[in-house]
Amino acid sequence: MCAKLLVLFVVYGLAASGMLAVQGMKVYTSSDVEAVNGTDVRLKCTFQSSASINLNSITVSWSFRPLGPGREESVFYYHMKAYPPLEGRFRKRAVWAGDIMSRDASIIVREVKFTYNGTFSCQIKNPPDVHGNAGEIRFRVVHTASFSELLLLALAIGGAIGLVVIFLVVFVSCRRCAKNRARQRHAEVDQESPRKERKDPTACHPSRAVHLYVSQSSFEMDSSDGMISTASSNEPSSSSEEERSTDEEVGGDSD
């Protein structure tokens, strides 16, 4: 009894200190993938390891098992670098598309054929974490995309076009609103500050229009000596006429 308790205590201590791995490799893939004949398809495979990633020891293995009769064959292998197959149905068709440090071990299969119908398996080992189930993808090649895929594509394209149209409508509406506000502000300014009357450029104060006055000369006859005298005046024509009439009256009285 004491021995069993001692063993349990040791195991618990090792697990608590991290010296004993209690978790295995976990691989995540899509369960079902459908592709149109002749297109390129990305087979996604991600993983989670209980051990730290060691680029010098981690390995990725992709394999394929056909739907009908046939043997399992290698699709792709990765260890410090990519090793595509040199023969078989996936020769020059499988391309590395992953990133080990990002825990991504995906590949791309180019120009898929109907002979690719089957199951793809993704297995990853990161020593000392080498245990765990491989991720499996049931792959199916079709002539055309299914209705659901076409619907999703149509919705995506329609949504993008709708967003562009909404953006254009909002942009045009904002510009119109800005122009209307500017017009309203100009109208309010015109109403608050009445328009000033324009002055006749020929009309000005008499003191500033000396250059417009006409110099007139008046001729007067002195009754005493019979001499004619000339008097100049810068007064306006109306004042000169008044003085002339006054002089004539004075002259009449003197006679």
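A: Let's start with a word we'll need: a residue counts as buried when its relative accessible area is under 20%. Keep in mind that this is a predicted model.

Q: Then is Thr-59 buried or exposed?
A: Compare its value with the cut-off: Thr-59 has a relative accessible area of 14%, and buried means under 20%, so Thr-59 is buried. You'll find Thr-59 in strand 5, which covers residues 59-66.

Q: Which residues is Thr-59 in contact with, leaving aside its neighbours within four places in sequence?
A: Tyr-77, Tyr-78 and His-79 are there, along with Gln-123, Ile-124 and Lys-125.

Q: What about Val-142, is that one buried or exposed?
A: Val-142 is buried too, with a relative accessible area of 11%. Look for Val-142 in strand 11 (residues 135-142). Not counting residues up to four places away in sequence, Val-142 touches Glu-34, Ala-35, Val-36, Asn-37 and Phe-114.

Q: How do strands of a sheet pair?
A: Backbone hydrogen bonds do the pairing, and the strands run either parallel or antiparallel. Here, an open sheet of three strands has the order 3-9-8, and its pairing is antiparallel.

Q: Which strands stand at the edges of that sheet?
A: Strand 3 (41-43) and strand 8 (94-96) do. Each has a single partner strand, so one side of each lacks a neighbour in the sheet. On average, neighbouring strands in this sheet are turned by 30° against each other, direction ignored.

Q: How many bridges join strand 8 and strand 9?
A: Three bridges, with strand 9 being residues 107-109 and the pairing antiparallel.

Definitions and conventions: Residues are numbered from 1 along each chain as its sequence is written. This is a predicted model: local features need pLDDT of at least 70, side-chain atom pairs count only at pLDDT 80 or more; totals for chains, interfaces and linings use all residues. Side-chain values use heavy atoms; hydrogens and water are left out. Helices (H or I, at least four residues) and strands (E, at least two) are DSSP runs, numbered from the N terminus. Buried means under 20% relative accessible area, exposed over 50%, partly exposed in between (1.4 Å probe, protein chains only). Contact means heavy atoms within 4.5 Å. Two strands pair if DSSP finds at least two bridges between them. Axes are lines fitted to C-alpha atoms, for helices over the stretch in contact, and angles run from 0 to 180 degrees between N-to-C directions.
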